[in-house]
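Please read the points with the structure in view.

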Amino acid sequence: MGTDYSNIAQQYKKSKELPIRLHVEAYTYFNMLGDLGRKSVLDLACGEGFYTRQFKRKGAFRVVGVDISETMIELATQQETKEPLSIEYIVGDVLELGEIGSFDLVVASYLLNYAQTQEQLLKMCQSIFVNLKPGGRFVTINNNSEQPPASYLTSEKYGFIKSIDEPLQEGTPIRYTIFTDEETFSFDNYYLSTATYEWAFRSVGFNKLRWQKLMVSPEGVREFGQAFWQDCLDYQPMIGIECLK
Ligand SMILES: C[S@@+](CC[C@H](N)C(=O)[O-])C[C@H]1O[C@@H](n2cnc3c(N)ncnc32)[C@H](O)[C@@H]1O
């Protein structure tokens, strides 16, 4: 389904060097995650393991990464061979994953925005829920369905833009175009409303949901100035989500 990351695996890896990734995305994500010490973590849609490795380095005792793209998992495994962290990587589709363990934390940055229908979103949420211990948390960074399309071009200065060919409705593709120093590449996410997300989380059994706005790290403000980040803070292209089992 959706974008085949096998074709853009290397470029995607490079895009993690954009300042917005470090000072906004990672800063917000790790703030939500809190202390990872002695936690078991399942990283769904782990890609080439950019965050997966950081979870292990930050003290998680067991980390498992799952991604549908063989190329992404191959890149992750190569890195694991170079610098062993005892991370387990699995090629798998979250839509059909089933229960592979019982984790303190399930994380899945930019997975849910690949669901094209309510049914697919529900299946992803089921896979997340069954792999969590009672009391466990699901934490993610996702496309923000609430961002007004009129503001999509304001993120150009951060190295990416979103675009659409039709008004937003359930399943509308949202094209992300990313500009790194070396090249430009694109991939599609899919719009589902915030109400649909809330419906899916509650339907599978999550009882507490929290939406977390993007935050900018103090280093990001020092390095680029507050004014540089204002559009990101005003229009919130991405959003954090936390659900409690
Ligand atoms: C934008 S990348 C994010 C990678 C990583 N989470 C990160 O933040 O760097 C999205 C990833 O989702 C994976 N993906 C998309 N649909 C999936 C599915 N149904 N099951 C597992 N992985 C999926 C893609 O292969 C890709 O590696």
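1. **Terms and ground rules.** A polar contact is a pair of N or O atoms within 3.5 Å; within protein, one must be able to donate a hydrogen and the other to accept it, and residues adjacent in sequence count only if both atoms are side-chain atoms. The model is predicted: local features need pLDDT of at least 70, side-chain atom pairs count only at pLDDT 80 or more, and totals for chains, interfaces and linings use all residues. Residues are numbered from 1 along each chain as its sequence is written, and side-chain values use heavy atoms, with hydrogens and water left out.

2. **Overall build.** The protein chain has eight helices and ten strands. (Helices, H or I with at least four residues, and strands, E with at least two, are DSSP runs numbered from the N terminus.) The C-alpha trace spans about 40 × 40 × 35 Å along its principal axes. A compact globule of 245 residues would have a radius of gyration near 18 Å, and the protein chain agrees with 17 Å. That radius is taken over C-alpha atoms, and the globule rule is 2.2 Å times the number of residues to the power 0.38.

3. **Burial and surface.** Of the 245 residues in the protein chain, 56% are buried. Buried means under 20% relative accessible area, exposed over 50%, and partly exposed in between (1.4 Å probe, protein chains only). The accessible surface of the protein chain is about 10,800 Å², and carbon and sulfur atoms hold 50% of it. Accessible areas come from the Shrake-Rupley method with a 1.4 Å probe; for residues, only the protein chains shown count as cover.

4. Take the contacts in the protein chain with a separation of 6 or more: 69% of them join residues 24 or more positions apart. Contact means heavy atoms within 4.5 Å.

5. **The ligand site.** What surrounds the ligand? A shell of 18 residues does, and the closest are Lys16, Ala45, Asp67, Asp93 and Ser109. (Near here means that one heavy atom of the residue lies within 4 Å of the molecule or strand.) By class, eleven shell residues are nonpolar, four polar and three charged. Ala, Val, Leu, Ile, Met, Phe, Trp, Tyr, Cys and Pro count as nonpolar, Asp, Glu, Lys and Arg as charged, and the others, Gly among them, as polar.

6. **Polar pairs at the ligand.** A polar side-chain atom of Asp67 lies 2.6 Å from an oxygen atom of the ligand. A polar backbone atom of Ala45 is 2.6 Å from a ligand nitrogen atom. For Ile68, a polar backbone atom is 3.2 Å from a nitrogen atom of the ligand. On its own the ligand has 590 Å² of accessible area, and the protein covers 99% of that.

7. **Helix H3.** H3 (residues 50-57) is mostly covered, with six of its eight residues buried. Those six are Tyr51, Thr52, Arg53, Gln54, Phe55 and Lys56. They pack against several elements, including helix H2 (19-33), strand E1 (40-44) and helix H4 (70-82). Gly59 follows H3 and has a positive phi, near 110 degrees.

8. **Thr172.** Thr172 sits in the loop between strand E6 (160-163) and strand E7 (173-179). Is Thr172 buried or exposed? Thr172 is buried, because its relative accessible area is 1%. A polar atom of its side chain lies 3.3 Å from the backbone oxygen of Pro167. Leaving aside neighbours within four places in sequence, the contacts of Thr172 include Asn189, Tyr190 and Tyr191.

9. **Asn143.** Asn143 belongs to strand E5 (residues 132-143). At a relative accessible area of 3%, Asn143 is buried. The side chains of Asn143 and Tyr176 make a polar contact of 2.8 Å. Asn143 and Asn189 are 46 residues apart in sequence, yet their C-alpha atoms are 7.8 Å apart.

10. **Two residues with positive phi.** Most residues other than glycine have a negative phi. Tyr110 has a positive phi, near 60 degrees. Tyr110 lies in the loop between E4 and helix H5 (118-130), and counts as buried at 11% relative accessibility. Gln236 has a positive phi, near 50 degrees. Its place is the loop between helix H8 (226-235) and strand E10 (238-244). Gln236 is buried too, with a relative accessible area of 7%.
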